[in-house]
Amino acid sequence: MNQDGRLTLRDNDVRPGTKRIGLIALCAAYFAIILDAGALNLAVPTIRHDLHASVTEIQWALSGYTLTLAALLLSAGAAGDRFGHRRMLTIGITIFGLASIGCAAAPNVIMLIVARLIQGAGAGTLLPATLALMPHLYPPGRDRQRATLIWVGTGGFAMAVAPLFGGALVATVGWRTVFLVNIPIAIITLALSRIGLPANTRAPVRLDLTAQILGALIMAALATAAIASGPSGWNSLPVGVSVLVAILLGLVLVVRRSRSQVATEKVGHGVRTAVASAGIMGFSFYGVLYFLSLHLQEQRDWSPLHTGIALLPLTVASTIGPFIYGPLNRRWIASVVLLGGFTSVLFGTVTLLAAGSSAPFWTEVVAMLLVGGASTLCFSALTSILVDTAPTKHMGKLSGWQNTSRQAGAMLATALVGSLIIGAPASHEIQATALLIVVAAAGVGVAFAETRARRSTPGKTTTATARTG
């Protein structure tokens, strides 16, 4: 490792012939996490009926997964830096696989919620490693950029197939089989990681368990507030107390974070942009996905399979981002691409506002294409910004920050959108789409600020291609 903390080839104990195997292991684990987050949306009405679950209970079954996932990401990346990312990936995928069996066998909604919480914990343990190991497999340059885009593309593909996959399984063999698919993926990941991933990726970093606990409590308070807002209203005591607790704990966490090692080394504006953009994009994509999953089934009265097919414009469009990012990145810096992506998301959510149960379906298709196509384009851009501006010795921790932000956004989107429209009249959908518009507009603002910051700093870029010539 050189003086600025970046990895050199001598730090990498993976033979050139096994790097592809390692990349497959990382992508397989990442695929399972994203697939599970999207496939279950189509099963909400069915699970609610089969397990006689209330609106609040079914919301916890969905949000519990992203809650523990996002909470553990705060420290899982740092733990990988210290104890080895391959070890964290192995532990995480094992927990994830075993919890998936528990989800499939859950006899009631309470056991399903518990199993989903554990499943999310496994996902949170392994997720930072899927990106943090990338610099240990590939040196800076085109190979790393290509591998990073493959990783992003894997997530896009998982998002693309998740609704159709989940809808097909729910309609044919039942919602429990959605979880059983994770078992062979977990076994394959375990086998390939032993062959293709380096074990010597440790770094002398400090774990902040207090910050981990604070982060988990903040996530739980936000989830409680969002879920309780539906049946109780925003002015209710449970919502008010939960929001107040989240704010107070957040202030404590900010003070502690400002004194941390990463903060004192001034990771830079680019890292902050990547982390904020990940949360906004997670909220926008999963908010639109969940909104349409419920809208098509509850307002248009479509079946899970029909809904899964109808969502293909959103999910398939999400697979094109990594392919068009390369050509765009050679012409413009990553922040400009990010700005264009969030602008597309904003137009898509505005279009969604005009699409109701009586509107023609093509209006929803337009919204899905705009949001879906821009989702992985934004994620490719923000990932490039993070990878190219973050010190390698803190890559696990900063990857954890980015993924925490993304999953927290997804969790809040699921909780808020669900609380607004599950079992509610169609008029409540206006509130949900207005919320999505506001969040997308915030993304445009963040990307615009990053573009201005880069242009005001001569000679500074955020692209791998610019670094490598």
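## Briefing: cores, helices and salt bridges

Isoleucine 95 is found in helix α4. This residue is partly exposed, with a relative accessible area of 30%. The model is predicted. Its largest nonpolar core has 117 residues, and a search of the whole structure finds 3 salt bridges.

**Helix α4 and the surface patch**

- Ile91, Ile95, Ile110, Val114 and Ile118 form a nonpolar patch on the surface. Together they have about 380 Å² of accessible area.
- Helices α4 (85-105) and α5 (109-132) each supply at least two residues of this patch. The most come from α5, with 3 residues.
- Serine 100 also lies in helix α4. Its relative accessible area is 0%, so serine 100 is buried.
- Serine 100 touches Gln119, Phe179, Asn182 and Ile183, leaving aside residues up to four places away in sequence.

**Nonpolar cores**

- Within the largest core, the residues with the most contacts are Ile47, Leu112, Trp175, Tyr286, Leu338 and Phe342.
- Helix α13 (residues 269-298) gives this core its largest share, 16 residues.
- A second, separate core has 7 residues, among them Ala70, Ala71, Ala408 and Met411.
- What does tryptophan 175 touch, not counting residues up to four places away in sequence? Its contacts are Ala43, Thr46, Ile47, Asp50, Leu51, Cys103, Leu112 and Val170.

**Helix α17**

- Helix α17 (residues 334-353) has 20 residues. At 1.5 Å a residue, the helix should span 28 Å. Its end C-alpha atoms are 29 Å apart, which agrees.
- Buried residues of α17 include Ala334, Val337, Leu338, Phe342, Val345 and Leu352.

- Side chains of opposite charge can pair when their charged atoms come close.
- Arginine 116 and aspartate 36 meet through their side chains in a salt bridge (2.7 Å, N to O). The pair links distant parts of the chain, 80 residues apart: arginine 116 is in helix α5, aspartate 36 in helix α1 (residues 19-39).
- Are these two partners buried or exposed? Arginine 116 has a relative accessible area of 2% and is buried. Aspartate 36, at 2% relative accessibility, also counts as buried.
- Aspartate 143 and arginine 146 form a salt bridge (3.0 Å, N to O). Both lie in helix α7 (residues 142-172), 3 residues apart, about one turn of the helix.
- Aspartate 143 is partly exposed, at 43% relative accessible area. Arginine 146 counts as partly exposed at 47%.
- Glutamate 364 and arginine 300 join in a salt bridge (3.3 Å, N to O). Glutamate 364 lies in helix α18 and arginine 300 in the loop between α13 and α14, so the pair ties together parts 64 residues apart in sequence. Glutamate 364 and arginine 300 are both buried.

**Positive phi angles**

- Most residues other than glycine have a negative phi.
- Histidine 52 is not a glycine, yet has a positive phi of about 50°. Histidine 52 sits in the loop between α2 (44-50) and α3 (55-83). With a relative accessible area of 70%, histidine 52 is exposed.
- Aspartate 301 has a positive phi as well, near 60°. Its place is in the loop between α13 and α14 (304-310). At 67% relative accessibility, aspartate 301 counts as exposed.

Definitions and conventions
Residues numbered from 1 in each chain as written. Heavy atoms only, no water. Core = buried A, V, L, I, M, F, W, Y, C linked by side-chain atoms within 4.5 Å. Buried < 20%, exposed > 50% of the residue type's maximum accessible area, 1.4 Å probe, protein only. Helix = DSSP H or I, 4+ residues; strand = E, 2+ residues; numbered from the N terminus. Contact = heavy atoms within 4.5 Å. Expected span 1.5 Å × (residues − 1). Patch = residues over 30% accessible without salt bridge, like charges linked within 9 Å, V, L, I, M, F, W, Y side chains within 5 Å. Areas by Shrake-Rupley, 256 points an atom, 1.4 Å probe, with all protein chains shown as cover. Salt bridge = Lys/Arg side-chain N within 4 Å of Asp/Glu carboxyl O.
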